[in-house]
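Biologist: I'd like to learn how to read a model like this one. Can we take it feature by feature?

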Amino acid sequence: MKRHGLVIDVELTEAEGLAERDAALAMLERSVTGPATIGADRAYDTRNFVWNLRSFGITQRVA
């Protein structure tokens, strides 16, 4: 069982208020295939983002 990993991906978005979170969700959807944990800073600690992570089976660790 793989417990640790580093996901490397690139997503180009138009600069606007939600671009970073939307890009993060798109990259996670492409990369994560099961239960996982990710770390993020406070900018990612929003109700909608956390809800989307949980729907993918991802647990967030926010600074």
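Biologist: Which residues of α1 are buried?

Modeller: Keep in mind that this is a predicted model. The buried residues of α1 are Ala19, Arg21, Ala23, Ala24, Leu25, Met27 and Leu28. As for the general idea, an α-helix has 3.6 residues a turn, so residues three or four places apart point the same way. Here, the cover over the buried residues of α1 includes β1, α2 and β2 (58-62).

Biologist: How does the span of helix α1 compare with what it should be?

Modeller: Take 1.5 Å a residue: the 13 residues of helix α1 (residues 19-31) should then span 18 Å. The end C-alpha atoms of α1 are 18 Å apart, which agrees.

Biologist: Which backbone oxygen does the side chain of Arg21 reach?

Modeller: That of Ala43, at 2.8 Å. Leaving aside neighbours within four places in sequence, Arg21 is in contact with Ala43, Tyr44, Thr46 and Phe49.

Biologist: Tyr44 turns up there. Where is Tyr44, and is it buried or exposed?

Modeller: Look at the loop between β1 (36-40) and α2 (47-55): that's where Tyr44 is. Buried means under 20% relative accessible area, and Tyr44 has 17%, so it counts as buried. Not counting residues up to four places away in sequence, Tyr44 touches Glu20, Arg21, Ala24, Phe49 and Val50.

Biologist: What about Gln60, buried or exposed?

Modeller: Gln60 is found in strand β2. The relative accessibility of Gln60 is 17%, so Gln60 counts as buried. Setting aside residues up to four places away in sequence, Gln60 touches Ile38, Val50, Leu53 and Arg54.

Biologist: Let's zoom out. What pattern does the chain follow along the sequence?

Modeller: The pattern is α-β-α-β, with 2 helices and 2 strands in the chain. The radius of gyration is 12 Å, close to the 11 Å that the globule rule gives for 63 residues, so the chain is as compact as a globular protein of that length.

Biologist: And how much of the chain counts as buried?

Modeller: Of the 63 residues, 25% count as buried.

Technical notes:
Residues numbered from 1 in each chain as written. Predicted model: local features only at pLDDT ≥ 70, side-chain atom pairs only at ≥ 80, totals over all residues. Heavy atoms only, no water. Helix = DSSP H or I, 4+ residues; strand = E, 2+ residues; numbered from the N terminus. Buried < 20%, exposed > 50% of the residue type's maximum accessible area, 1.4 Å probe, protein only. Contact = heavy atoms within 4.5 Å. Expected span 1.5 Å × (residues − 1). Polar contact = N/O pair within 3.5 Å; in protein donor to acceptor, adjacent residues only side chain to side chain. Rg over C-alpha atoms; globule rule 2.2 N^0.38 Å.
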